[in-house]
Amino acid sequence: MENNTNLTPTIKTQITTTVTWARYAAILSFVNLGLTFLQLIIGAVKGNLNVFGSVFSFIISGIITLVMSINLLNYSNYAKSSLDNGDSILLNQALYHLRTYFIVMGILFLIIIGLLLLFVFIAIIVAIYAAAK
Amino acid sequence: MENNETILQVTDFDSSGQYQLSNSGKWAKFIGIVYLFIATLLLLIAILVLSNLDLIATYIMDINGMSKEALEFMMGAGKWLFALMMALSCFILFLNGFFLVKFGVATKSYATTYTEDTLSGSFHHLGRYLMLTTILSIVSTVFSVAAIVYYMIK
């Protein structure tokens, strides 16, 4: 059974608010990524930089930031187009990008939790081994 | 104008959109719970550290040694600075988690009722979360610019 919901003016206002903030958040993420890159360059020029570690962590965090920001920006663009043109398909596209944004963040959290649990597990094993010795 | 109003009236939220929103809500709720858990953990750590600061200072002195000035700072302004930083971190994490969990709960509620109020509530909480994210990004940008200026002057 279809349970379509009409987009009332209140809902459209709420979506417009999310569109605005999502755009600002995405653009600021790009700016922050650029600033981090600038810090990396300055660090390298001044010679106080662990090049391999810094570049590696910049690449990893840069890819994650880019994927998340692009999805947030796409959500903003598609949702705005949907509201401007009254097209439900564009709204679905927007929500697809919002979902991807949260999935990427969720998977990142799962990886961090997994690594923390692994660290705790290894610490317990090492402690037991040291106590038994 | 009349044509535009007709087009706007046919904009609705179909099953595909409902699925995407519901799925976003589930992930957001998970992330929100993790944020709340970390906020609680930080709060506990802060309470434990602040209530045992004398003991911690003694241990550090035994291991590394500590100047009188450093000890005075640690027991005076340093303690309050640490408490302020931890309280601020907990508050930000808690707000993030709160908005994400509220968004997740509202989308779940919408998935069962399909009412306009619950859909409006979902986007309201999402908007709050994105607003907080933007504010935090502005703060981060200010700190990054300050760090760059400091490095260039130094």
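One convention before we start: when the angle between two axes is under 35 degrees, we call them roughly parallel. And keep in mind that this is a predicted model.

Now the second pair: α3 of chain A against α2 of chain B, which covers residues 15-51. Here the packing angle is about 25°, with the axes 8 Å apart. So α3(A) is roughly parallel to α2(B). The crossing of this pair is left-handed too. If you want to find the contact on screen, look on α3(A) for residues including A:Leu91, A:Leu95, A:Phe102 and A:Phe109. On α2(B), the partners include B:Leu21, B:Trp27, B:Phe30 and B:Ile31. There are glycines in there as well, among them A:Gly106 and B:Gly17. Sorted by class, the contact of α3(A) with α2(B) has 14 nonpolar, 8 polar and 1 charged.

Strand β1(A) is joined to β1 of chain B, residues 12-13, by 2 bridges, and the two strands run antiparallel. Which residue of β1(B) is the bridge partner of A:Thr5? That would be B:Phe13.

Let's step back to the whole interface. Chain A puts in 39 residues and chain B 41. On the chain A side, β1, α1 and α3 each supply at least two residues. The biggest giver there is α1(A), with 19. By class, that side of chain A comes out as 20 nonpolar, 17 polar and 2 charged residues.

Chain B has 6 helices and 1 strand, and from the N terminus the order is α-β-α-α-α-α-α. Its C-alpha atoms fill a box of roughly 75 × 40 × 20 Å along the principal axes. The radius of gyration of chain B is 24 Å, whereas a compact globule of 154 residues would be near 15 Å.

Terms used:
Residues numbered from 1 in each chain as written. Chains lettered and ligands numbered in written order. Predicted model: local features only at pLDDT ≥ 70, side-chain atom pairs only at ≥ 80, totals over all residues. Contact = placed C-beta atoms within 7 Å. Helix = DSSP H or I, 4+ residues; strand = E, 2+ residues; numbered from the N terminus. Nonpolar A, V, L, I, M, F, W, Y, C, P; charged D, E, K, R; others polar. Pairing = 2+ DSSP bridges. Axes fitted to C-alpha atoms, helices over the stretch in contact; angles between N-to-C directions. Parallel < 35°, antiparallel > 145°, perpendicular 65-115°, else oblique. Left-handed = near helix turned anticlockwise from the far one by under 90°. Rg over C-alpha atoms; globule rule 2.2 N^0.38 Å.
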